[in-house]
Amino acid sequence: MSLEKSGEKKLRNKNLTVPNAMSVFRILVIPFFAYFFLTDHLAAAVVALLLSGLSDALDGLVARRFNQITELGKMLDPLADKLTQGAVAVCIAIRYPSICPLLFLLVTKELVMLCGACFLLHRGKKPCAAKWYGKVSTTLFYVSMVLIVVMDGFMQVPTEIFNLVSNIALIVTAAFMLYTFVRYFGVFREILRSKDGQYDLNLPEEIRAKKQKP
């Protein structure tokens with residue numbers, strides 16, 4: 001007897017969503033960006049970075065607008081952000097040593113946040129989803145990196161102007177990274193101390209592909 005005859009509806013994978021696909025896309029773009037950038041195909045590298053940044057800006061909007069927020073997506077989105085930011089920072093630091101302090105700050109921030117997330121998981125708590133200040137921090141990072149590459153690789157601006165603009169961009173980005181870290185630390189403490197069941201996590205259940213009716 002068919003499912004239709006039995007009155008059952010076909011089930012679909014709840015995790016197969018556009019926002020999750022965007023997060024996977026950002027991860028897949030990373031090696032292409034690194035190859036283009038390190039082989040001096042700067043135009044292609046900038047396009048790859050812009051596409052990654054655009055998908056990062058849109059995935060949260062799509063998830064909220066079409067009610068496609070999933071626990072898998074809450075983990076994929078920050079993972080894609082961290083991998084992308086790390087890869088971009090390393091590649092650009094190879095060419096522009098001036099961003100090494102920002103790279104150090106970025107790596108330190110992400111390692112601490114990763115350890116915090118792992119600690120919450122160990123305590124059976126859900127790490128928080130990306131917040132608006134996290135998205136702004138990521139956007140500023142992308143803008144700063146693209147600005148540095150465009151000024152040096154395409155516009156050929158004078159050294160004094162390049163140093164001034166790039167330093168301002170890096171300082172603003174670093175300052176907002178610190179602000180973001182402080183805000184996330186507050187969320188971490190709130191989740192850790194909370195007795196609210198909404199923060200409880202059954203990891204195998206949350207990661208497992210769930211099914212729902214279309």
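At what angle do helix α2 and helix α3 pack, and how far apart are their axes? Select residues 42-65 for α2 and residues 71-95 for α3: they pack at an angle of about 155°, with axes 12 Å apart. Axes here are lines fitted to C-alpha atoms, for helices over the stretch in contact, and angles run from 0 to 180 degrees between N-to-C directions. Because of that angle, α2 is roughly antiparallel to α3 (the term is used for angles over 145 degrees).

A word on the source: this is a predicted model, where local features need pLDDT of at least 70 and side-chain atom pairs count only at pLDDT 80 or more, while totals for chains, interfaces and linings use all residues. Residues are numbered from 1 along each chain as its sequence is written, and side-chain values use heavy atoms, with hydrogens and water left out.

Next, show side chains between these two helices. Leu42, Leu49, Ser52, Asp56 and Asp59 in α2 meet Asp77, Asp81, Thr84, Val88 and Arg95 in α3 (contact means heavy atoms within 4.5 Å). These contact residues divide into three nonpolar, two polar and five charged.

Now zoom out. The protein chain has seven helices and two strands, which are DSSP runs numbered from the N terminus (helices: H or I, at least four residues; strands: E, at least two). Along the sequence, the pattern is β-α-α-α-α-α-α-α-β. Of the 214 residues, 39% count as buried, meaning under 20% relative accessible area with a 1.4 Å probe, protein chains only.

Then select Phe33, Phe37, Ile92, Tyr96, Ile99 and Met145, which touch the most other members of the largest nonpolar core, a group of 31 residues. Such a core is a set of buried Ala, Val, Leu, Ile, Met, Phe, Trp, Tyr and Cys residues joined through side-chain atoms within 4.5 Å. Helix α5 (132-155) is among the helices that each supply at least two residues of this core, and α5 gives the most, with seven.

Centre on Met145. Leaving aside neighbours within four places in sequence, Met145 is in contact with Leu49, Val88, Ile92, Ile99, Leu102 and Leu170. Another core, of eight residues, lies apart from the largest one; look for Met113, Tyr133, Phe176 and Val187 among them.

For the last stop, select α5 and α6, which pack at an angle of about 165° with their axes 9 Å apart. That makes α5 roughly antiparallel to α6. Their contact residues divide into 19 nonpolar, six polar and two charged.

Methods
Angles under 35 degrees count as roughly parallel, over 145 as roughly antiparallel, 65 to 115 as roughly perpendicular and the rest as oblique. Ala, Val, Leu, Ile, Met, Phe, Trp, Tyr, Cys and Pro count as nonpolar, Asp, Glu, Lys and Arg as charged, and the others, Gly among them, as polar. Buried means under 20% relative accessible area, exposed over 50%, partly exposed in between (1.4 Å probe, protein chains only).
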